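Here are a few exercises to work through with the model open beside you. Try each task before reading its solution.

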Amino acid sequence: MEQIIDFSKIKASCSNCNLNELCLPRGLKAEDLEKLEIVVKGSRPKEKGNHIFRAEEPFESFYAIRSGSVKVYILNETGEEQIIGFYFPGEIIGFDAIEHHKHTCAAVTLETTTYCALPYEKINDICQQIPDLQNQMFRLLSREISNENQLLLTINKRSAEERIATFLISLSSRFEKLGYSSKEFNLPMSRQEIGNYLGLTIETVSRLFTKFHKSGLITINRKAITLENLPSIHAICDGFSDKKIDKKNQ
């Protein structure tokens, strides 16, 4: 009978890797995991501000974040940075390069970060041999497309307050899926970077964080943030006004 290992055993056998079920499918066979481990390359820690890849560079690998965090951005027509995503441990970047075999955006570390490089050509071969891994890659690619669509909706159709609330709820949900607290986490990105991502000025971001803090929705201590009232933050995402929220909390 073939040995089947669940994710807890995968993490134990891959002692130098922080990947979880968001990167690896559950129930990989032992021999399949061995094939994957042969091609995966762990990185040395990269300090804040170092690029993992840049736009126009040839596509060589997918990159699974093991620790730290990364922002992905493009340069607009005037050469200004436009942030299109933030990524955390267990999440994979590099899907942008599949079509043209070169990156259309750049990825830079927000803090000291490590990652695993999954060489595209070798992973592609392994995916042919391991259907579960191939299906997982498709799911991750689908999630990337959904995230991009959600970002466009957030920026184009919502007020500044709703954008901040949606951003916090999105981070809460992602951290929960990663096995971390959904209410207490660090924001490795700056207020300016949050504003860039959401299409807001740094002044607006700071003002709304202060407003949320005074309203008892969140507590902020430098980069550490605690979501004190998730139902009310969800209500803001759904378009409730302050008055409706206040009535709901009474």
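**Exercise 1.** What share of the 250 residues in the protein is buried?

*Solution.* First, a word on the model: it is predicted, so local features need pLDDT of at least 70 and side-chain atom pairs count only at pLDDT 80 or more, while totals for chains, interfaces and linings use all residues. Residues are numbered from 1 along each chain as its sequence is written, and side-chain values use heavy atoms, leaving out hydrogens and water. Next, the cut-offs: buried means under 20% relative accessible area, exposed over 50%, and partly exposed in between (1.4 Å probe, protein chains only). By that rule, buried residues come to 45% of the 250.

**Exercise 2.** Count the helices and strands, then trace the partners of β4.

*Solution.* Helices (H or I, at least four residues) and strands (E, at least two) are DSSP runs, numbered from the N terminus. There are nine helices and eleven strands. Two strands pair if DSSP finds at least two bridges between them. Take β4 (residues 70–75): six bridges join it to β5 (residues 81–87), and the two run antiparallel. Along that pairing, Ile 74 sits opposite Gln 82. Five residues lie between the strands of this hairpin, and Gly 79 has a positive phi near 85°. β4 also pairs with β7 (residues 106–109), antiparallel again, over four bridges. There, Val 70 faces Thr 109.

**Exercise 3.** Work out how α5 and α6 are arranged.

*Solution.* Axes are lines fitted to C-alpha atoms, for helices over the stretch in contact, and angles run from 0 to 180 degrees between N-to-C directions. Helix α5 (residues 160–177) packs against α6 (residues 191–198) at about 110°, with the axes 11 Å apart. So α5 is roughly perpendicular to α6 (65 to 115 degrees; under 35 is roughly parallel, over 145 roughly antiparallel, the rest oblique). Contact means heavy atoms within 4.5 Å; here Arg 163, Ile 164 and Phe 167 of α5 meet Ile 194, Tyr 197 and Leu 198 of α6.
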